[in-house]
Amino acid sequence: MLNSSLFSTVSLDAAGHVIYRTNFPITDLLITKLETLWELHPEEFHTLMMHGKEVKTPRWQQAYGYSYEYSGSRNNALPIPEILEPFLAWGQQNVDPRLNGLLLNWYDGTAGHYMGPHRDARKGLVPDSPIVTISRGEERIFRIRPWQGDGYRDTLLTDGSVLVMPWATNLSWTHEIPKMKKYLGRRISVTLRAFAD
Ligand SMILES: O=C(O)CCC(=O)C(=O)O
C-alpha cells in the first residue's frame, strides 16, 4: 500500500481527513519530456453538462484505460500509450496496486486554464480506493475546501510531485486548480484511479 517513506500526511480536519503528498520530486516520474506529454492532448475540449447546459472544460482532458463518467459526461478512454505506462506502474507500486485507469489534464496558463471546485465522481470506481495525482510542468496551487463549509487550504503541486486523496477525503472536501494570472506555463496532471471491471 502507500509507501510511507515518500509521503507526508497533511491533516485537514477533526474528522481525521487527510491528503498525502510526496516530500521531494520523484525522479522516475520526470523522465518523460514535458513536450512529449504535451503532444498527447486532444484537439477538442471535453464537453460537460453544467446546470443543464453544455460547457467546454477550460483545459484539455483525456481518459486512458477506463472511460470515466463525470459531470453528466463520459470521457471515452483511449488505450494506454507506452509513455504513460511508467506513471501507472509507479502508482501501483507506491500507492495502490488496484490503480488501473488514467485521466490527463493539460493546462495552458496563457489560455487561463483551470479546474473548478468539485468532488470526483465515484461511478465505476472501486469503493475506498485512493485518487492519485502526479504533476508535471509548471507548479500550480491545489485548493481544497470543506464540502458545503467555509475556508480553504492550499498546497503547491510541483513538477514530479504526487498527491494522494483518500476516498473519504474526496467525499468531505472539494478540490480545484484555481486560475491565477502569474501562471503562464504548461502543466499536465496525470490522475490515477481504480476502476471496477
Ligand atoms: O490537475 C489536477 O491536479 C487536478 C486533477 C483533478 O482534480 C481531477 O482530475 O479530478
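Reply: Let's start with Glu69, which is partly exposed at a relative accessible area of 28%. Keep in mind throughout that this is a predicted model. The side chain of Glu69 meets that of Arg74 in a salt bridge, at 3.4 Å from N to O. Arg74 is partly exposed as well, with a relative accessible area of 46%. In total, the count of salt bridges comes to 7.

Another of these bridges joins Asp96 to Arg98, and here the closest N and O atoms are 2.9 Å apart. The two partners sit in different accessibility classes, because buried means under 20% relative accessible area. Asp96 is buried, with a value of 2%, whereas Arg98 counts as partly exposed at 36%.

Now for the bridge that leads us to the ligand. Asp120 forms a salt bridge with Arg193, with 2.7 Å between the closest N and O atoms. Asp120 lies in the loop between β9 (115-118) and β10 (131-137), while Arg193 belongs to strand β15 (residues 186-193), so the pair ties together parts that are 73 residues apart in sequence. Asp120 counts as buried, at 4% relative accessibility. Arg193 counts as buried too, at 5%.

Asp120 also turns up at the ligand. What surrounds the ligand, and which residues are closest? There are 14 residues around it, and the closest are Tyr107, Asp120, His175, Arg187 and Ser189. If you want atom-level distances to start from, there are several side chains to pick. Tyr107 has a polar side-chain atom 2.6 Å from an oxygen atom of the ligand. For Asp120, a polar side-chain atom lies 3.0 Å from a ligand oxygen. His118 places a polar side-chain atom 3.1 Å from an oxygen atom of the ligand. So Asp120, which counts as buried at 4% relative accessibility, has a salt bridge to Arg193 as well as that 3.0 Å approach to a ligand oxygen.

His118 brings us to the pocket. The largest pocket holds about 520 Å³ of space. Of the 35 residues lining this pocket, the closest to its centre are Arg59, Gln61, Met115, Gly116 and His118. By type, the lining divides into 18 nonpolar, 10 polar and 7 charged residues.

Back in the loop between β9 and β10, Pro127 is worth a look. Pro127 is exposed, with a relative accessible area of 59%, whereas Asp120 counts as buried. The C-alpha atom of Pro127 is separated by 8.7 Å from that of Ala194, a residue 67 positions away along the chain.

One last stop is another histidine, His17. His17 is found in the loop between β1 (7-11) and β2 (18-22). At 14% relative accessibility, His17 counts as buried. The His17 side chain is joined to that of Ser172 by a polar contact of 3.3 Å.

Methods. Residues numbered from 1 in each chain as written. Predicted model: local features only at pLDDT ≥ 70, side-chain atom pairs only at ≥ 80, totals over all residues. Heavy atoms only, no water. 1 Å grid on protein atoms, 1.4 Å probe; cavity = no way out; pocket = protein on both sides within 12 Å on 5 of 7 lines; lining within 4 Å. Points joined across faces, edges and corners; volume = space filled by probe spheres on them. Nonpolar A, V, L, I, M, F, W, Y, C, P; charged D, E, K, R; others polar. Salt bridge = Lys/Arg side-chain N within 4 Å of Asp/Glu carboxyl O. Buried < 20%, exposed > 50% of the residue type's maximum accessible area, 1.4 Å probe, protein only. Helix = DSSP H or I, 4+ residues; strand = E, 2+ residues; numbered from the N terminus. Near = heavy atom within 4 Å. Polar contact = N/O pair within 3.5 Å; in protein donor to acceptor, adjacent residues only side chain to side chain.
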